Amino acid sequence: MYRYFVQLSFKGTRYHGWQVQPNAISVQEVLEKAFSTILREEISVVGAGRTDTGVHASFFVLHFDTENEILDTTKLVFQLNSFLPFDIAIQKIWQVTTEAHARFGALSRTYHYYITTQKNPFHSETAFYYRGNLDVAKMNEAARILLEYDDFTSFSRLHTDVKTNLCKIYRAEWQQEKNRLVFTIRANRFLRNMVRAVVGTLLEVGKGKLSLENFREIIEVKDRGAAGASAPAHGLFLAEVEYPDEF
């Protein structure tokens with residue numbers, strides 16, 4: 001068997017997340033159909049993570065195994081992009097060792113969450129339109145508190161199949177660019193719904209409804225019910241996945 005990594009991007013608006021669903025279209029399903037059709041064998045793909053319904057990826061990685069060595073990966077990229085719908089694009093395909101794994105081999109992942117403070121029809125599906133004032137400096141103070149902790153149960157979807165809610169966050173900060181706010185968060189792993197729950201709670205800080213001490217207490221209580229509502233999915237992008245150099 002031969003194993004290949006694939007770099008791609010997708011707009012998640014039309015999809016019910018990454019993972020194959022019994023009664024809804026997913027990004028994984030569309031890609032497996034494309035690979036299987038062009039390579040003329042049954043192909044299963046393994047993604048770097050499982051994005052939720054409506055979430056996008058400006059940078060995503062998957063791997064797949066095939067019985068036949070691919071001699072021209074550039075040609076395969078062209079064929080796949082001709083077959084795939086407009087909202088999924090392949091950038092690169094390269095061969096890796098059979099031990100390399102798109103999901104479990106990742107060292108870190110980075111997400112961006114976009115907020116626009118001005119109504120813009122061209123951002124309606126890729127940024128959360130927020131009307132009102134936000135204290136961005138206070139939101140950044142709260143974001144820095146995240147780096148002090150490793151248990152993020154308060155920001156995790158309930159009743160998931162993960163064995164631990166421990167994560168190591170390396171970066172969490174807001175940047176303001178005219179009428180747009182961008183939240184960047186990088187960690188070794190993320191829990192289901194974690195980024196959107198963090199963003200939703202930080203917005204409560206920005207609105208003045210939560211103090212920095214309240215934010216700290218929410219983390220420490222380890223209760224999803226204590227945190228704020230999840231921010232809308234369409235503002236969230238998976239932006240980077242880091243792997244060891246040998247991949």
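Is Arg192 buried, partly exposed or exposed? Arg192 is partly exposed, with a relative accessible area of 25%; buried here means under 20% relative accessible area, exposed over 50%, and partly exposed in between, for a 1.4 Å probe and protein chains only.

The model is predicted, so local features need pLDDT of at least 70 and side-chain atom pairs count only at pLDDT 80 or more, while totals for chains, interfaces and linings use all residues. Residues are numbered from 1 along each chain as its sequence is written, and side-chain values use heavy atoms, with hydrogens and water left out.

Arg192 forms a salt bridge with Asp52, the closest N and O atoms being 3.1 Å apart. A salt bridge is a side-chain nitrogen of Lys or Arg within 4 Å of a carboxyl oxygen of Asp or Glu. Asp52 lies in the loop between β2 and β3 and Arg192 in the loop between β8 and α4, so the pair ties together parts that are 140 residues apart in sequence. Helices (H or I, at least four residues) and strands (E, at least two) are DSSP runs, numbered from the N terminus.

Asp52 also meets Arg157 in a salt bridge of 3.4 Å, N to O. Arg157 is in the loop between α3 and β7, so this pair links parts that are 105 residues apart in sequence. A further salt bridge joins Asp52 to Arg196, with 3.9 Å between the closest N and O atoms. Since Arg196 is in helix α4, that pair ties together parts 144 residues apart in sequence. Through shared partners, Asp52, Arg157, Arg192 and Arg196 form one network. Asp52 is buried at 11% relative accessibility, whereas Arg157 is partly exposed at 35%. The whole structure has 13 salt bridges.

Strand β8 (residues 180-187) pairs with β7 (residues 169-177) in the antiparallel sense over eight bridges; two strands pair if DSSP finds at least two bridges between them. Gln175 has Val182 in β8 as its bridge partner, and Ile169 stands opposite Ala187. In the hairpin of β7 and β8, two residues lie between the strands, and Lys178 takes a positive phi near 55°. β8 is also joined by eight bridges to β5 (residues 108-116), and the two run antiparallel. Six of the eight residues of β8 are buried, so the strand is largely enclosed by the rest of the structure.

In helix α5 (residues 212-221), Phe215, Ile218 and Ile219 are buried. Seen down the axis of α5, these residues fall within an arc of 95°, so they line one face of the helix; the arc is that of the directions from the helix axis to the C-beta atoms. The buried residues of α5 pack against α3 (136-145) and α4 (194-206), where contact means heavy atoms within 4.5 Å.
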